[in-house]
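Please go through the structure shown here.

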Amino acid sequence: MPDLLYFVAEQVDGQRSYDEIAERVSEKLGKQLAPDDTKMLVEEKLRPLGVVAGPEGEQPQGQKLDPMLALKLRTAVVPKDVIHALTSVFYPFFYPPVVVAVLAALVAVDVWLFFIHGVAQPARAIAYQPVLLAMVLGLVVLATLLHEIGHATATRYGGAEPGEMGVGIYVVWPAFYTDVTDAYRLGRGGRLRVDLGGVYFNVVFILAVTGVYFLTGWEPLLILIPIQHFQILQQFLPFLRLDGYYILSDLVGVPDMFARIKPTLKSAVPGQETDPIAAQLKGWVRVVTTLWVVLLIPVLALTFGLMIFNLPRMIATAWDSFFVQLDKVQHDAGFARYFGVVQLVALTLPVTGMIYTMSRGTGRLMSSAWSWSEGAPLRRGVIVAFTVATAAVAGWVLLPNGDYRPIQPAERGTFQGGVQQFKALPTGRPGLTEERQEQLHGAPAKKDLPGVNDEEERRPGNTTSTGTTTGTTGTTTATTTTTTTTP
């Protein structure tokens, strides 16, 4: 247990107020601890652990963690002295002029990548060289480590002392954590800096990747940028105890915000009475909480909509890559053959992970929705209707109707192209309309193109492709065709 938590627990005797506990702990530590922060430590840390009983002497009921979602094999691995040295290196990143420069550079990078360059070619490069997934995983782990260093550095910048850094296993991936309990001594601004320090260092990682790309021109590196944006978006979700929950809690100054989010959202529905729990919050707090969640909904809808729209193209690209790698395995010998087998195995990992994530998330969402609508026919009807409508749209988009074609060398995958996909939803093939397929000369599979120049394909925005598809049987002729690059 961190020193600060231990000293707070030591002073809790059932008689002292939070003001008295804060005064005693501040005197013992030689550092100021506010009464509100003392209450937060008791409510958020000590009581859930069973160290402190409730107001009426009740003991908290321990909840069984989902073994698939719990952080397992958790252990501290980086001592405080090393953390202190690391934060000394990164300390200047929190100087205000540096923060402004970093955020401005992020805007420039995002405009360039998502509106000009696009993400189609990085994804295609990874699909046809699946062994690079190991590189991606390694760099994602490095970014996660940097995320935790960001929390620790922000803690120290505010005047508190970060504790040890540890590691555990989350599902099948390594996950890091940092003890920033001492940050509860900081004011609201200092705690917000700590909460945001992790995603801020995700931004620093994005800029570092962009710099390496401009030095090397190596396309697969750019896939890390949308991955980091997905991780940032995930961290902003307030429904789990991720960064977004603590940001929202410190922003509005309510320590037990986790129990108030759902009542606040329910009370915001027209015609619903204000929940007693939500009524305890000030009006502006309820507005901020509601806006936080409401603004995330369209972002999530856009993100998952684009994933579903482009799933046929992703599956087709992986399928085509499978046969390309299989052909290499059949014709290569020695080490090259074994390397090809590794590529085939690596190719299955993203598909397996996507299926697992989508099925797991869908199952948990449906379970929560079904429980919420229990005993309320109107709610149950809305849930059923929404589920049927969602399944119908997904089936309409995913039904094989000619759009299962690989990503082509001339495609960019820009944001404006994604918006156009929503407009093409009525066609049933937003990821590849018939007009777009005609522009791409049938969007041929790489395995069907003789003499493909891989080096030529790696060039972003290349306007020349070899091969064009004729007829409807998949027959391919090897002619040189000029294409135009569009989003």
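## Model and confidence

What pLDDT does the protein average, and what percentage of the residues score at least 70? The average is 79, and 79% of the residues score at least 70; pLDDT is the predictor's confidence in each residue, from 0 to 100. This is a predicted model, in which local features need pLDDT of at least 70 and side-chain atom pairs count only at pLDDT 80 or more, while totals for chains, interfaces and linings use all residues. Residues are numbered from 1 along each chain as its sequence is written, and side-chain values use heavy atoms, with hydrogens and water left out.

Helices (H or I, at least four residues) and strands (E, at least two) are DSSP runs, numbered from the N terminus. Over residues 63-69 pLDDT stays under 50, and the model has 10 contacts beyond four places in sequence for them. Residues 453-486 also stay under 50, with 55 such contacts; a contact means heavy atoms within 4.5 Å. Where pLDDT is low, the predicted coordinates should not be read in detail.

## Helix α2

Helix α2 spans residues 18-29, 12 residues in total. From its first C-alpha to its last it reaches 16 Å, close to the 16 Å expected at 1.5 Å a residue (the expected span is 1.5 Å times one less than the number of residues). Just after α2, Gly 30 takes a positive phi of about 75°.

Which residues of α2 are buried? They are Ile 21, Ala 22, Val 25 and Ser 26, where buried means under 20% relative accessible area, exposed over 50% and partly exposed in between (1.4 Å probe, protein chains only). These four lie on the same side of α2 because they cover an arc of only 130° around the axis, the arc being that of the directions from the helix axis to the C-beta atoms. The buried residues pack against α1 (3-11) and α3 (35-49). Asp 19, Glu 23 and Glu 27, on the other side of α2, are exposed.

## Salt bridges

A salt bridge is a side-chain nitrogen of Lys or Arg within 4 Å of a carboxyl oxygen of Asp or Glu. The count by this rule is 7. One of them joins the side chains of Glu 10 and Lys 28, at 2.8 Å from N to O. This pair links distant parts of the chain, with Glu 10 in helix α1 and Lys 28 in helix α2, 18 residues apart. Glu 10 is partly exposed at a relative accessible area of 39%, and Lys 28 is partly exposed at 45%.

Arg 191 and Asp 250 meet through their side chains in a salt bridge of 3.1 Å, N to O. Arg 191 is in helix α8 (residues 188-216) and Asp 250 in helix α10 (residues 243-252), so the pair ties together parts 59 residues apart in sequence. Arg 191 and Asp 250 are both buried. A network of salt bridges links Asp 37, Arg 191 and Asp 250. In another salt bridge, the closest N and O atoms of Arg 185 and Asp 182 are 2.9 Å apart; both of these residues are buried.

## Thr 181

Where does Thr 181 lie? Thr 181 is in the loop between β3 (173-178) and α8. Its relative accessibility is 7%, so Thr 181 counts as buried. Leaving aside neighbours within four places in sequence, Thr 181 is in contact with Pro 2, Leu 4, Leu 5 and Leu 41.
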